[in-house]
Amino acid sequence: MIRRFGEAPRRDQTYRLRPGAYALLPRDGQLLLTCQHTPGPDIQLPGGGIDPGESPIPALHREVYEETGWKIAVPKRVGSFRRFVFMPEYDLWAEKLCHIYVARPVLRLSAPIEPHHSALWLPTEDAVRVLGNVGDQHFAALLARLG
């Protein structure tokens, strides 16, 4: 069974499954994160939806680049969780199946190309406190405990 974080699914709502790949990107005691500025500021682990026909690792590389401008290396899966949320940018109620990886940020290629996103580095302990969802916080805290 995959652990659920956040609100329980509503009985009166239909959800569409939306698998995604997200990255913990540690370097020198900090994590590389993304801030999505619209519809409101939300600090997140970089990553996002896995497109139809796309595998998780290519999706992870693509999403991290789009949201941070960074190239990553050696991603390793560390777990997964589910969230039931409304995604206003897609006008969609989603069951997000979030696959979490740890990877090494190796090269900044550009500024984020995803509209309304910016990349930021925060000390891991601070990242745990400011990440916008409990699932991201859980995995960042796990990384912090492991050093």
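H99 is buried, with a relative accessible area of 16%. Buried means under 20% relative accessible area, exposed means over 50%, and partly exposed lies in between (1.4 Å probe, protein chains only). This is a predicted model, in which local features need pLDDT of at least 70, side-chain atom pairs count only at pLDDT 80 or more, and totals for chains, interfaces and linings use all residues. Residues are numbered from 1 along each chain as its sequence is written, and side-chain values use heavy atoms, with hydrogens and water left out.

**Around H99**

H99 lies in strand β7 (residues 92-108). Strands (E, at least two residues) and helices (H or I, at least four) are DSSP runs, numbered from the N terminus. Neighbours within four places in sequence aside, H99 contacts G20, A21, Y22, I50, R77, G79 and S80. Contact means heavy atoms within 4.5 Å. A21 stands opposite H99. Strand β1 (residues 16-24) runs parallel to β7, and 9 bridges join them.

**The open sheet**

β7 belongs to an open sheet of 4 strands, ordered β5-β1-β7-β6, with mixed pairing. Two strands pair if DSSP finds at least two bridges between them. The edges are β5 (47-49) and β6 (70-87); each has a single partner strand, so one side of each is left without a neighbour in the sheet. From one strand to the next, the twist averages 20°.

Helix α1 (residues 56-68) packs on this sheet, touching β1, β5, β6 and β7. Its direction makes about 85° with that of β6. Helix α3 (residues 134-146) also packs on the sheet. Helix α3 touches β1, β6 and β7, and its direction makes about 145° with that of β6. Axes are lines fitted to C-alpha atoms, for helices over the stretch in contact; angles run from 0 to 180 degrees between N-to-C directions.

In strand β3 (residues 30-36), 6 of the 7 residues are buried, so the strand is largely enclosed by the rest of the structure.

| Partner of β3 | Bridges |
|---|---|
| β2 (residues 26-27) | 2 bridges |
| β8 (residues 117-123) | 7 bridges |
| β4 (residues 42-44) | 3 bridges |

R27 stands opposite Q30 in β3. L31 has L122 in β8 as its bridge partner. C35 is bridged to I43 in β4.

Two hairpins involve β3. The hairpin of β2 and β3 has 2 residues between the strands, and D28 takes a positive phi near 50° there. The hairpin of β3 and β4 has 5 residues between them.
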